[in-house]
Amino acid sequence: MVKEKGETPVVQMKGITKRFPGVLANDYIDFEVRKGEVHALLGENGAGKTTLMNILYGIYRPDEGEIYIRGKKVEIRSPKDAIKLGIGMVHQHFMLVYPHTVAENVALGLKGASLVNPTKSVEKMIREFGEKYGLKVDPNARIWQLSVGEQQRVEIIKALCRGAEVLILDEPTSVLTPGETKELFKILRAMAKEGKSIIFISHKLDEVMEVSDRVTVLRKGRVVVTKKTSETNKVELARMMVGREVIFRIKRETVEKGRVVLQVENLHALNDKGLLALKGVTFNVKEGEILGIAGVAGNGQRELVEVITGLRKATKGRVIIMGEDVTNKSPREIAEKKVAHIPEERIRMGLVPNMSVAENLILKRYREPTFSRGLMLDKEKIEEFAKELVKKYEIMTPSIHTPAKLLSGGNIQRLILARELSGSPKLIVAAHPTYGLDVAATEYIRKLLLEQKKKGAAVLLVSEDLEEIMELSDRIAVMFEGEVMGIVDAEKASIEEIGLMMAGVKRR
Amino acid sequence: MRIKLEKRTVVPKWMVVVVSILSVLLSLPVIAVIFKLKGVDPILAYKKIFTGAFGSTYGLSETVVKAIPLILCGVGLAIPFRALIWNIGAEGQLLIGAIVSTGIALKFPDWPAYILLPTMFIVGFIGGAVWGMIPGFLRAKLRANEVITTLMLNYIAYKLLEYLVYGPWKGKEEWGFPYTSKFSPSAQLPRLFNTRIHYPTLILGLVLAILTYILIYRTKWGYEIRVVGENPEAANYAGISHLKVILLVMALSGGFAGLAGVGEVAGIQHRLRLGISPGYGYTAIIVAWLGRLHPLAIVLTSLLFGGLLVGGDMIQVALGLPFAAIDIFNGVILFFVLAGDFIMKYKIRILR
C-alpha cells in the first residue's frame, strides 16, 4: 500500500492473530490507521472487528502479531496502557454513572484532575471540546437526564480528556436516531480535521460510505481489502462483506407446498429504544417451504422474530398462524400453536445454563401431561425423553445431568434444536441458527432444517449469512430499515441483486 | 503481579459445605475483637453462649423454641430467593400472621382446640401470604422494587400491631399493658413436657421444609421458579408467566412466615403483644442464605441461629452486654457468608 505523504501511520497492527476455543477470530490481520482520517472497519457480526479493536485497546492480548503506535513497537496489556498511548474507545454500552453529572463522570478516574473540586477544571475542558468539535453537552447535567446521543458525547469527551489521539467507536450508531447519527458524523469529521484518527466499527454500508475516508473490510477473521471509500461503492462493499466465492448449492428438493402456515400483514413494532423497527412488513410462509430473511443485522429482523414468537408487542398489523390471529398473544400461547423458536442469542435466551441437559430439554414442554403427574414432574419420563433426544440429535454430553453450560457451542445448538423440533412443529422460526458454529455443526443443523421442511413444516430462516440463505431458502425476503425490500425466488436470485436490496435499493 | 478473578463453571458440593462452615468459624475471631474492645473476654463469652444454648436441657429446648420461627421464615424465604425475588418482608408477614390468628382466637374463644388451632394456622397463612403478594403484585405489574416495598410493609405491619394492642384489642384485665387478653386454653398450642417447645409448629416447620424441597426440585412450579431465577429471559422465552411465579413465591414465603407468627402467639405468648418477634424475619434472611437456600440445610442453620439468640440472652445476663451484641453476630456472619459466596463463584488467580 502506498503511504500518503510518506507519513508513519498512527496505528499499525501487523499479523494479528487471535484464537478463541474453536474459533479463529482474527487470522493474520494487517490494519493501519493514519493521522486525521476516519477509518471504517466493516464486516458482519463475527467477522472479527470487535476482537481486533479489543486487542488494540488492551482488553485481549493477541496470540501472534505486533502493534506499532506512531512507528514504535508497543505491548498493550490493558486499557490503561492503551490510554497512555493515546487510544480511546467508546463501547456500545456506555460506562457512565447515571446519577452523577457530566463533569463528575469525566473527572472520575481522570489523571490530572485536581484533588479538591476536580470538576472545576473539567468543566472548562468540556466546554472547550464542545466548541472545538461541536460536542455540545451541559457539564452540569446529570447523565440520566441526557439523551442517548448526548451520553455518547460524554463518552467521547471522556476519551478526549484522557488524551486520546486515536478514537475507536464500536458500532456507535446502533443506538442513535437518524438525527443523532448526522450530528455524530459532523463531530467525527471535525475531530478528524483537527488531526485525530477515528476507527469507526460498523456493518452499515450507508454510514461507512458517508463518514469514512478509508474502509477495511473484514470477513471471517481476515482482511478482504483496505481501500479509499471514494474508490468503492455500496454494492462492491456488500459483496466483499458477505463473500464472493462461488456458492455451491446443496441440491434443494422442492417439496409440494401446502397451506399457508404463517401470514404476516403490515406488521409494525418498536425496538428497545422505542424507535419504529418494523414498518409494515408483509409476507407468508407455506408448508414445506423455507423463507429466508436476508439483510444486514439491525434492520428489524430481531424485532420481527420477537413479534412472531410473542416476545414483543406489535403496534400495528397482524400475525396469523394456521389461519388464527395470534397477534400479541403470549409466548406460551404461540408455542402451543406448534411454533418452534431457535433464538438468536442461544445462551442468553434459549438455555438455562446452570440447569441440566435434561431440564433444558423440557424447557418448552414441561407442562405436557407426558412429563408430569399432577403437579409433580415425572423424573423417569423426563430422563427417558432426554436420553432419546441426546442420542437422536447426537448431543455430545457426559450425561443428561450435566449442566448445559458445560456443552460446546455446537452441542448447545443441537440441544436447542432437539428440544424445539421434538414437538413436531408446524412453524420453525430460526434466527441465525448456525452463527458461530463450526462446519460440521453448521452442516448438521442445515440438514435438520431441510428435513423439517420435507416433513411439511414451514420455516422462517433469519440469517446474515447470505450463502446460508441462498443455499436453504425457497424464497428470500430482504429486509432493510424495517421494510421488506423485495421477495425473490431463490432459484432465480443473484447475489448482486440481493446485495443491492440489502443496501436499501428497492427491487423495482 | 495482578490478581485475576475467574468464574468457576462448576461448584463442587463439598465446597459449598466447607465454605459455609468456614464462613461461620471465620467470623468468630472477628467478633472476638469486638468483645475485647468492650472489655469482655471473648473466650468466656463464647463459652457462655455455647453452654447457654446447647449445654443444658433448658438451653437446648429454648434453642429449639427460637429455631421454630426461623425454620418457617427461612424455608419460606428460600423460595423467592431461588427466583431472585428479594423478600425482606418476612418480619412483617410474621406479624400479620400473628395478628389475624389472634383475631380468630379472640373472636371464637369457645371453639374446640382441634378446630380453633387449625383455623388460626390457616388464617395466619393466608394473612402472611396476602401481605407477601402485595409487593409481589407491585413488582410484577409496576416494577416496584420488592426490597423496598417488603421492607416498608414490615413497618406498616408493626404499626398495625401497635395500634391494635394499644387500642381496640387491649385486654381489659391487663392493667393497661399493651397486651390483648390471654387466649382461651383451646387457642393455646400444646407444649413438649415442661419446655416451651410448641411441637405442632415444629412438626409443621419440618414437614414444610421437606415439602419445599420437593416443591423446588420435583414439581412444575419449582421448575418454573428455578428457570425464572437462573435465567429470566429463558423463562420468558419458554412462556413462563412472571406474574404467576412472583405471586406464587411471595404467597408461599409470606404464608410460611405467617405460620411462624401463629406459632409465636399460640405457642409462646398466648396473647398478642409488642415484641413477639426479636427480628426473626430478618435473622431468617441470614439463616436462608447460610443454608444456601436448601430447605433441609436451613433447618440446621435455624438451630444454629436459635442457639445464638439463646446464648445472646445468656451473655446479656452473665456479662452485662446489651442484647444487641447478638446483632453483631448476625451482621458479621452475614458478611462472611456473602464473602463465601464470592469465593465459591470465582477462582482467584495471581498472575505475574
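Where the two chains touch, chain A puts in 25 residues and chain B puts in 17; residues are in contact if their C-beta atoms, placed from the backbone, lie within 7 Å. Keep in mind that this is a predicted model, where local features need pLDDT of at least 70, side-chain atom pairs count only at pLDDT 80 or more, and totals for chains, interfaces and linings use all residues. Residues are numbered from 1 along each chain as its sequence is written, while chains are lettered from A and ligands numbered from 1 in the order in which they are written.

On the chain A side of that contact, α10 (331-335), α11 (346-349) and β18 (376-377) each supply at least two residues. Helices here are DSSP runs of H or I with at least four residues, strands runs of E with at least two, numbered from the N terminus. The top contributor on this side is α10(A), with three residues.

Now hop over to chain B, where helix α7 (residues 199-218) packs against helix α8 (residues 220-230) at about 70 degrees, axes 5 Å apart. Axes are lines fitted to C-alpha atoms, for helices over the stretch in contact, and angles run from 0 to 180 degrees between N-to-C directions. That angle makes α7(B) roughly perpendicular to α8(B), a label covering 65 to 115 degrees. From α7(B) come B:Leu215, B:Ile216, B:Tyr217 and B:Arg218, and they meet B:Trp221, B:Gly222, B:Ile225 and B:Arg226 of α8(B).

Finally, look at A:Val478: setting aside neighbours within four places in sequence, its contacts include A:Ala294, A:Gly295, A:Ile498 and A:Met502.

Notes
Angles under 35 degrees count as roughly parallel, over 145 as roughly antiparallel, 65 to 115 as roughly perpendicular and the rest as oblique.
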